[in-house]
Protein chains: 2
Amino acid sequence: MFGVSMVDLVIVGSVALDTVKTPFGIAERALGGSATYASYSASFFAKPGIVGIVGADFPQEHLNMLSKRNIDLEGIEKSEGKTFFWEGYYEYDMNEAHTVKTELNCFADFKPKIPDSYKNKDFLFLGNIHPSLQLDVLDQMEKRPKLVISDTMNFWIKSERDKVIELVRESDIVLFNEGEARMLFSTPSTIKAAREILKLNSDLAIIKQGEHGSVLFTKDSHFSAPGYPLEEVRDPTGAGDTFAGAMIGYLSQHPELTESNYRKAMIYASAVASHTAEGFSLSKLQEISIEQINARFNEFRKIVEF
Amino acid sequence: MFGVSMVDLVIVGSVALDTVKTPFGIAERALGGSATYASYSASFFAKPGIVGIVGADFPQEHLNMLSKRNIDLEGIEKSEGKTFFWEGYYEYDMNEAHTVKTELNCFADFKPKIPDSYKNKDFLFLGNIHPSLQLDVLDQMEKRPKLVISDTMNFWIKSERDKVIELVRESDIVLFNEGEARMLFSTPSTIKAAREILKLNSDLAIIKQGEHGSVLFTKDSHFSAPGYPLEEVRDPTGAGDTFAGAMIGYLSQHPELTESNYRKAMIYASAVASHTAEGFSLSKLQEISIEQINARFNEFRKIVEF
């Protein structure tokens with residue numbers, strides 16, 4: 001792997017070990033993390049390079065699996081400490097994760113270092129980390145990427161609102177869910193929150209609605225991508241990151257950033273994210289092929305027809 | 001108004017006075033009730049007859065307004081008591097109504113009496129009342145109507161589960177929202193709840209998702225009707241009844257009960273219901289015309305296009 005790293009897009013975020021309990025079972029110290037889910041998801045469409053940190057306890061088999069999957073690992077830093085660990089559970093309402101334990105471990109001091117060979121890439125996903133670090137990654141790029149999609153969370157909206165606002169200004173899309181978008185702009189209305197996002201800089205705002213799908217707003221149009229009607233939601237962990245990864249993976253291969261392509265990217269993102277929720281960790285993602293994703297994409301056409 | 005009442009469909013439910021406070025204002029003792037919203041909504045498409053009860057304090061102007069609207073009032077019983085009164089408020093999250101006071105008044109002893117001239121009608125909406133009363137209305141009909149749509153609520157699902165199950169068996173559609181459907185079948189999954197409904201009798205199950213729209217399930221297909229992206233939700237009271245009224249009103253005029261017509265009916269229902277939420281009580285419904293509803297219906301096509 002000397003010389004130019006031929007990645008199509010760069011994904012920055014956490015690589016983690018997760019213990020997750022749901023009404024359908026338990027996974028212990030299974031592979032997780034925003035960058036993991038997003039890069040695996042993106043790899044159905046393009047070649048991602050991942051930037052993150054793992055501890056000395058991180059199983060080599062996970063790295064081998066990602067590498068075989070054609071995900072570039074040049075940006076994976078290996079720490080002597082322990083890997084980021086999250087333990088949580090879901091109850092009756094699978095939309096809400098309950099945290100039992102978060103051990104940041106080596107992730108506590110993580111400062112993403114973008115490999116030189118990634119710095120001229122056009123597509124960048126900034127997974128949920130401190131917004132100052134996300135903005136720092138942008139500064140590390142040689143040129144402003146063509147498309148920057150970011151994720152954040154309630155915690156940063158409460159504690160670092162100004163930085164999150166700056167992140168909205170500097171990104172093309174920040175993938176808020178409804179609660180986060182409403183909180184950021186102190187409004188009960190998702191649509192008003194979307195309008196505020198559009199005012200900040202953006203040509204478009206995308207807001208995730210969990211199992212209900214996602215919506216896109218521009219100044220004069222609106223798109224609603226339905227949720228896929230999953231018979232079995234086994235573990236929703238990582239579905240949001242999967243959504244983001246599929247979006248940027250798809251768009252990196254359809255680089256005309258038209259509304260039409262964004263709409264298709266959202267449907268692909270829903271299709272891949274629905275698979276993630278069908279199994280613990282990345283288990284279901286590892287079973288499926290692009291053909292199954294395309295089939296689900298086509299199902300969506302029938303789902304909205306009237 | 002002697003002789004045959006030329007109504008197209010029959011709507012049974014509450015006629016009420018509501019005091020509602022939302023972040024956008026307050027309406028005091030304004031016209032409300034499930035049968036009121038449903039019949040007004042249905043009247044955009046067809047001529048409904050309403051079966052309900054009002055007290056001596058019920059303003060005649062409301063009856064005059066409904067009558068001018070071409071809603072038949074033969075089934076309105078006038079009691080010497082007071083009209084059903086509900087007081088509630090909405091906070092930041094406009095999806096959840098908080099009840100301050102419910103005074104059943106004359107509605108406590110309401111036993112719907114279907115006028116003879118309504119008893120052979122093909123289209124019947126049973127608004128949310130005790131499920132035994134809803135079943136009794138079905139018994140009063142001369143023949144089984146072609147289409148029976150019913151509504152219910154958490155309270156009856158908890159206290160009268162067997163009767164609610166019977167209502168599902170005897171109706172063509174019971175319009176549950178997600179929480180109600182999940183509660184009825186003790187499952188965290190909306191889709192599993194829909195499958196249970198289909199097992200009970202039905203060719204199709206429709207589940208409402210509030211601002212996120214509604215979904216239809218048959219044994220082998222799925223339809224997702226998005227929510228209309230409302231800039232201003234002023235008062236969501238009555239939106240569910242408006243949805244039901246528009247559905248049955250539209251279907252009474254397109255009586256081939258195909259899945260395609262159900263899908264269109266759901267979109268029309270969303271279109272009318274979204275108007276209801278734009279104003280307090282029936283104020284917005286009273287301002288709009290079928291042309292505005294058609295325009296919103298057509299907007300929905302663009303909203304789901306990809």
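Two residues are in contact when their C-beta atoms, placed from the backbone, lie within 7 Å. This is a predicted model: local features need pLDDT of at least 70, side-chain atom pairs count only at pLDDT 80 or more, and totals for chains, interfaces and linings use all residues. Residues are numbered from 1 along each chain as its sequence is written, while chains are lettered from A and ligands numbered from 1 in the order in which they are written.

**View 1. The side of chain A that touches chain B.** Here 23 residues of chain A are in contact with 23 residues of chain B. Two elements of chain A, β14 (222–225) and α9 (259–276), each supply at least two residues of this side. Helices (H or I, at least four residues) and strands (E, at least two) are DSSP runs, numbered from the N terminus. On the chain A side, 14 residues are nonpolar, 5 polar and 4 charged. Nonpolar covers Ala, Val, Leu, Ile, Met, Phe, Trp, Tyr, Cys and Pro; charged covers Asp, Glu, Lys and Arg; the others, Gly among them, count as polar.

**View 2. Helices α8 and α9 of chain B.** Helix α8 (residues 239–252) packs on helix α9 (residues 259–276) at an angle of about 140°, with the axes 7 Å apart. Axes are lines fitted to C-alpha atoms, for helices over the stretch in contact, and angles run from 0 to 180 degrees between N-to-C directions. α8(B) is therefore oblique to α9(B). Angles under 35 degrees count as roughly parallel, over 145 as roughly antiparallel, 65 to 115 as roughly perpendicular and the rest as oblique. The crossing of α8(B) past α9(B) is right-handed. A crossing is right-handed if the near helix is turned clockwise from the far one by less than a right angle, and left-handed if anticlockwise. Contact residues include B:F243 and B:M247 of α8(B), and B:M266 and B:V272 of α9(B). The contact has 12 nonpolar, 4 polar and no charged residues.

**View 3. Helices α1 and α8 of chain A.** Helix α1 (residues 34–42) meets helix α8 (residues 239–252) at about 40°, with the axes 7 Å apart. The two are therefore oblique to each other. α1(A) passes α8(A) in a right-handed crossing. Among the contact residues are A:Y37 and A:Y40 of α1(A), and A:D241 and A:I248 of α8(A). This contact divides into 7 nonpolar, 6 polar and 1 charged.

**View 4. Helices α3 and α5 of chain A.** Helix α3 (residues 131–140) and helix α5 (residues 161–170) pack at about 30°, with their axes 9 Å apart. α3(A) is therefore roughly parallel to α5(A). Their crossing is left-handed. The contact includes A:L135 and A:L138 of α3(A), facing a set in α5(A) that includes A:K163 and A:L167. By class, 5 residues are nonpolar, 2 polar and 3 charged.

**View 5. An open sheet of 6 strands in chain B.** The order is β5-β4-β1-β8-β9-β10, with parallel pairing. Two strands pair if DSSP finds at least two bridges between them. β5 (72–78) and β10 (173–174) stand at the edges, each with a single partner strand, so one side of each lacks a neighbour in the sheet. Strand β9 (residues 147–150) runs parallel to β10(B), joined by 2 bridges. B:S150 has B:V174 of β10(B) as its bridge partner.

**View 6. An open sheet of 4 strands in chain A.** The order is β3-β2-β6-β7, with mixed pairing. The edge strands, β3 (25–32) and β7 (97–103), each pair on one side only. The twist averages 15° from one strand to the next. Strand β2 (residues 16–22) pairs with β3(A) in the antiparallel sense over 6 bridges. The bridge partner of A:T22 in β3(A) is A:G25.
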